[in-house]
Amino acid sequence: MMPTQCPDATGSGLAERLGLVVGTHGRHCWVETDDGQRLLCHPRGKKDAPLVGDRVCWQPSGDGGTIMRTLERRNLFYRQDELRTKSFAANLDLLLVLLAADPVFSESQLNRALVAARAAGIEALVVLNKQDLGPAFDSAWERLAPYRAFGQTVLPLCLNAPGGAAGAPASLDDDGGLEALRQHLEGRATLVLGPSGTGKSTLVNRLVPTAMAATGTVSRALNSGRHTTTSSTWYWLDAQRRSALIDSPGFQEFGLRHLEPPQLAHLMPDLDAHCGQCRFYNCTHLHEPGCAVRAAVGAGINEQRYRLYVDLHRELSVAARY
Ligand SMILES: Nc1nc2c(ncn2[C@@H]2O[C@H](COP(=O)(O)OP(=O)(O)OP(=O)(O)O)[C@@H](O)[C@H]2O)c(=O)[nH]1
Ligand SMILES: [Zn+2]
């Protein structure tokens, strides 16, 4: 349970309280108190706007509150494009990348999300939805074989299978694999990322109890004036508020400009397994003699995965020069 008082409140007369940021829009934040109330708060300082997942110290003011400060983050999941940094959420336990048999997913995008998670020290889970689509699902599942081979957990899912509808594959349980997924989410704060059309909204609707989804609409309402939803939303999955799902828009152009080229191979587990055996300690794995990574391409390392590395390395190297 969250304590009600801030750890080191600075005696300003009013007691500071702890809260959790469950939604943001511009500089406004929805802060949830430890007894589950949600109120609109404004950050006091000009910089470092709080993010969904942040623990903050706040004080009542007007009919809402003022955020005095943000507690230190355990981690931060973000992407960095040419022009800007986009932060998704803070203090995450798991990144769920939702893919589907259709539309066909971009492996480059998947890899970028996994690399970013690894760089931030956040465990990742890949979920492949629409198992009812037969052959399309099988080929998507096959494309994920190299990921499973290096230890990435990949779960099959069929959100179209309420209670074992016709078309639900026998390999899944009655609810299309939802129960198996639920177990991975237990007691954790999970950010859901996925390209458009994979079933993200369907997943949130299936997992979030109606009453909880209704509280989520508070922050949705805050976003409704805009055509594009740009901020993340926090949903509780249980009445005890132990497990949470954070829905986030924006999976396109997943920039990784915050990473240095030499980090990259270490953030791709299948390449990382070979890095230590290269002749040169600072091997780029692009052209050096005695490169153990290149020697493993086609054997321990999938060729397409190596190509993703080469392309991303080039992109990061160009970025590093500016
Ligand atoms: N065949 C099949 N279709 C599914 C399944 N799950 C979701 N869909 C369909 O896929 C479409 C996209 O689902 P959404 O939940 O709207 O996807 P989304 O990822 O939220 O998409 P955006 O709103 O564009 O971000 C809808 O028509 C769903 O009915 C599934 O397991 N099998
Ligand atoms: Zn090498």
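Modeller: Happy to. Let's start with G255, whose place is in the loop between β13 and α7; helices (H or I, at least four residues) and strands (E, at least two) are DSSP runs, numbered from the N terminus. This is a predicted model, where local features need pLDDT of at least 70, side-chain atom pairs count only at pLDDT 80 or more, and totals for chains, interfaces and linings use all residues. Residues are numbered from 1 along each chain as its sequence is written, while chains are lettered from A and ligands numbered from 1 in the order in which they are written.

Colleague: Thanks. Is G255 buried or exposed?

Modeller: G255 counts as buried because it has 20 C-beta neighbours inside 10 Å. The cut-offs are 20 or more other C-beta atoms within 10 Å for buried, 12 or fewer for exposed, and partly exposed in between, with C-beta atoms placed from the backbone.

Colleague: And what does G255 touch, not counting residues up to four places away in sequence?

Modeller: G255 touches R79, Q80, D81 and E82. Contact here has its own cut-off: the two C-beta atoms, placed from the backbone, lie within 7 Å.

Colleague: How far is G255 from P103?

Modeller: Their C-alpha atoms are separated by 21 Å, and the two residues are 152 apart along the chain. P103 has a feature of its own: a cis peptide bond joins D102 and P103, with omega about 0°. P103 is found in the loop between β8 (94-100) and α1.

Colleague: Nice. Which residues have a positive phi although they are not glycine?

Modeller: R241 is one of them, with a phi of about 55°, and H285 is another, at about 65°. As background, most residues other than glycine have a negative phi, and most peptide bonds are trans.

Colleague: Where do R241 and H285 sit?

Modeller: R241 is in the loop between β12 (233-236) and β13 (244-247). H285 lies in the loop between α7 (269-275) and α8 (292-296). R241 counts as partly exposed because it has 15 C-beta neighbours inside 10 Å, whereas H285 is buried, with 24 other C-beta atoms within 10 Å.

Colleague: Let's go to α1. How many residues does it have?

Modeller: Helix α1 (residues 107-120) has 14. From its first C-alpha to its last it reaches 20 Å, close to the 20 Å expected at 1.5 Å a residue; the expected span is 1.5 Å times one less than the number of residues. After α1 comes G121, whose phi is positive, near 75°.

Colleague: Which residues of α1 are buried?

Modeller: L110, N111, R112, A113, L114, V115, A116 and A117. A119 is also found in helix α1, but A119 is partly exposed because it has 18 other C-beta atoms within 10 Å.

Colleague: What is A119 in contact with, leaving aside its neighbours within four places in sequence?

Modeller: A119 is in contact with L259 and L267. A119 and L259 are 140 residues apart in sequence, yet 8.2 Å apart in space, C-alpha to C-alpha.

Colleague: Changing topic: how does β5 pair with β3 and β4?

Modeller: Strand β3 (residues 38-43) and strand β5 (residues 64-70) pair in the parallel sense over three bridges, and H42 stands opposite T66 in β5. Strand β4 (residues 55-61) runs antiparallel to β5, and six bridges join them; here V56 stands opposite T70. For strands to count as paired, DSSP must find at least two bridges between them.

Colleague: What about the turn between β4 and β5?

Modeller: The two strands form a hairpin with two residues between them, and G62 in that turn has a positive phi of about 60°.

Colleague: And which residues are closest to ligand 1?

Modeller: S196, G199, K200, S201 and T202 are the closest of the 15 residues that surround ligand 1; to be included, a residue needs its C-beta atom, placed from the backbone, within 6 Å. Helix α5 (residues 200-207) gives the most to that shell, with three residues.

Colleague: Last one: which domains are assigned?

Modeller: Domain 1 (17-70), domain 2 (76-247) and domain 3 (261-320); the bounds come from an automatic or database domain assignment. The C-alpha centres of domain 1 and domain 3 lie 43 Å apart. In the protein as a whole there are nine helices and 13 strands, and 38% of the 322 residues count as buried.
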